[in-house]
Each structure stands twice: as C-alpha cells, then as structure tokens.
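Work through the exercises below with the sequence and the structure side by side, and try each task before you read its solution.

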Amino acid sequence: MENMLECVFIVLWLQFGWLSGEDQVEQSPQTLRRQEGDSISLNCSYTVSNFRGLLWYRQDPGKGPELLFLLSSVGKPEHKERIRATLFEKGSSLHITDSKPEDSATYLCAVETQCSQAPASLHQNP
C-alpha cells in the first residue's frame with residue numbers, strides 16, 4: 001500500500017548585504033507538496049552585484065534557520081546524505097532524493113554580496 005503522507009516544502013529567500021535597484025534573488029517554487037519517497041528540486045536564481053556566495057538554509061517550525069550549504073564554486077556539487085546543492089553562474093539548485101516526512105521544513109536561499117565596490121583605503125592619522 002502506498003504511503004499517502006505528504007511532505008511540505010516552503011521556500012523563501014534571503015539577501016545579505018546591500019541591494020541595488022538591479023539586484024534580484026528569486027526562488028521557485030514557493031510552496032511544494034510531494035509524496036514520501038519523491039525527489040524534490042528547489043531553484044534559486046540571482047542577479048546581484050559583487051556576488052560572494054550562495055547559502056541554503058533549512059528552518060523547522062519554531063526553530064531558527066540551520067545552514068545546509070555555503071556554495072562559492074560554480075559547478076561543484078555539495079552533498080549531505082540525501083541532499084545535494086549545486087551553484088551555477090546565475091543560480092543554484094537544491095535536490096532531495098527519497099523524501100521523508102522529516103524533510104518537511106522551510107528552505108531558504110540566501111545570496112551573500114559585498115556591500116561596496118569601492119576598494120578600501122587606509123589613511124594614517126596626522
């Protein structure tokens with residue numbers, strides 16, 4: 001008999017650093033329902049200045065976000081048990097294979113940027 005338990009995945013995005021008018025981070029789908037055992041794919045796309053890294057978080061109800069992955073190398077997948085994340089030139093994907101009820105959570109995509117393009121300069125006090 002097929003297990004009818006549904007796993008619910010809620011995805012949001014966070015942005016670290018300063019956003020200019022042209023910077024965008026989008027995550028899809030926003031809500032996802034799957035049967036236990038299904039594979040799940042979440043996507044995050046970004047157009048930001050001064051990209052430094054992309055982070056995936058998982059947040060269980062009533063708890064703070066837990067860092068799953070910090071990605072900074074394009075094309076190099078990172079793995080944790082049944083979860084895999086890959087960084088692309090302008091996006092990232094998070095895949096969960098053989099989903100379990102305990103995978104139900106809020107998943108967050110965050111992009112880390114550098115706040116300023118101006119180089120830092122030091123001035124000696126007189």
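**Exercise 1.** Decide whether F51 is buried, partly exposed or exposed, and then classify its ring pair with Y46.

*Solution.* Start with the classes of relative accessible area, where buried means under 20%, exposed over 50% and partly exposed in between (1.4 Å probe, protein chains only). F51 has 29% relative accessibility, so it counts as partly exposed, whereas Y46, at 4%, is buried. This is a predicted model, in which local features need pLDDT of at least 70 and side-chain atom pairs count only at pLDDT 80 or more, while totals for chains, interfaces and linings use all residues. Residues are numbered from 1 along each chain as its sequence is written, and side-chain values use heavy atoms, with hydrogens and water left out.

Next, take the rings: those of Phe, Tyr and Trp (its six-membered ring) pair if their centres lie within 6.5 Å, and planes under 30 degrees apart count as stacked, over 60 as edge-to-face and the rest as tilted. The structure holds one aromatic pair. The ring centres of Y46 and F51 are 4.6 Å apart and the planes meet at 5 degrees, so this pair is stacked.

**Exercise 2.** Find which residue lies over the face of F69.

*Solution.* A charge sits over a ring if NZ of Lys or CZ of Arg is within 6 Å of the ring centre and within 35 degrees of the ring normal. The residue over the face of F69 is K80, at 5.6 Å from the ring centre.
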